[in-house]
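Please open the structure in the viewer and keep the selection panel at hand.

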Amino acid sequence: MRPVTLIPIVCILFLSFSGTAQSRFSFGVELFPHLSWEQDPVIEDYGPRFSKHAGMQVGYQLGQNFRLQSGLAYTEIGRRFQFDGEDLRWGNQHDGQGGFNPDIPAPNIGTVTQNTVHRFVEVPFRLTYLSPGEQARFYLSGGIAPRFHIQSVGKIRHELPDNAGTDRRTEPISNVDFDRLQLSILGSAGVEMNLGGTTFFAGPRIQYQQLTGESESLTGPNAFELGYVQLGLEFGVRFY
């Protein structure tokens, strides 16, 4: 069972106790669909990838205008790379004397899309400021989110030439040793709508992480740091 499928089960267990909790406590669920991409990639053609995030929240109200938040969430970061025969013209289409020959047609390989997906479980710690108000309130939130790496996979989608179909493969990334514990920072802003004991919220969110680990090379293990950005819309519901 994937970790993301466990989130709704755990949320239901938490929410079942919310009715007896004091009003200063809140329990909720959040979704954060987003684009994630690698900063300063080695290959310039790496692009953003649509990624998933789902989790639960627990909050503690500090007076009228501040709230401490934590929780548990499943999240992804990744990148996307696409190429076809035109991208392979250099290097295999030469005139026999080492020069490029534009008259040779591009190889008919179809279109290949590669997605790299890194999966984590995170435990965020956030401080949220709430503007004065009763029903609709603006919020600003920021904090850190330790993450535990659970899996990294490469997904390949090959659209075969001449409409011959599509070949899909998913393979774990085995030649890289990712650090188990990672750290990210996050910030968000949005609007909360209070309807009695239920609050709906939505707003833009940005998150940044340095993905760290070691990769194998001809000279031995090679430590690396790859910056990843997540940008999207967070929304959900909170119960008091």
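A salt bridge is here a side-chain nitrogen of Lys or Arg within 4 Å of a carboxyl oxygen of Asp or Glu. By that criterion the structure holds 13 salt bridges. The model is a predicted one, in which local features need pLDDT of at least 70 and side-chain atom pairs count only at pLDDT 80 or more, while totals for chains, interfaces and linings use all residues. Residues are numbered from 1 along each chain as its sequence is written, and side-chain values use heavy atoms, with hydrogens and water left out.

**First stop: charged pairs**

Select Arg 79 and Glu 38, whose closest N and O atoms are 2.4 Å apart in a salt bridge. Arg 79 belongs to strand β5 (residues 66–84) and Glu 38 to strand β2 (residues 34–38), so the pair ties together parts that are 41 residues apart in sequence. Strands (E, at least two residues) are DSSP runs, numbered from the N terminus. Both Arg 79 and Glu 38 are buried; buried means under 20% relative accessible area, exposed over 50%, and partly exposed in between (1.4 Å probe, protein chains only).

Next, select Arg 67 and Glu 192, which form a salt bridge with an N to O distance of 2.6 Å. This pair links distant parts of the chain, with Arg 67 in strand β5 and Glu 192 in strand β11 (residues 181–195), 125 residues apart. Arg 67 is buried at a relative accessible area of 1%, and Glu 192 also counts as buried, at 6%.

Then move to Glu 234 and Arg 126, where the salt bridge spans 3.4 Å, N to O. Glu 234 lies in strand β13 (residues 220–239) and Arg 126 in strand β7 (residues 125–130), 108 residues apart. Both Glu 234 and Arg 126 are buried.

**Second stop: the strands around β11**

Which strands pair with β11? Strand β8 (residues 136–159) pairs with β11 in the antiparallel sense over 13 bridges, and strand β12 (residues 198–217) is joined to β11, also antiparallel, by 10 bridges. Two strands count as paired if DSSP finds at least two bridges between them. To inspect individual positions, select Leu 140, whose bridge partner in β11 is Ala 189, and then Ser 184, which stands opposite Gln 209 in β12. β11 and β12 form a hairpin with 2 residues between them, and Gly 196 in the turn has a positive phi of about 70 degrees.

Select Ile 77, Phe 120, Phe 178, Leu 211, Phe 224 and Tyr 228, the 6 residues of the largest nonpolar core. Such a core is a set of buried Ala, Val, Leu, Ile, Met, Phe, Trp, Tyr and Cys residues joined through side-chain atoms within 4.5 Å. Centre the view on Phe 120: leaving aside neighbours within four places in sequence, its contacts (heavy atoms within 4.5 Å) include Ile 77, Arg 147, Gln 209 and Leu 211.

Is Gln 114 buried or partly exposed? Gln 114, in strand β6 (residues 111–122), is partly exposed at a relative accessible area of 31%. Among the residues that Gln 114 touches beyond four places in sequence are Arg 79, Phe 81 and Lys 155.

Finally, select Gly 59 in strand β4 (residues 53–62). Gly 59 is buried, with a relative accessible area of 4%. Gly 59 and Gln 69 are 10 residues apart in sequence and 4.3 Å apart in space, C-alpha to C-alpha.

Conventions
Helices (H or I, at least four residues) and strands (E, at least two) are DSSP runs, numbered from the N terminus.
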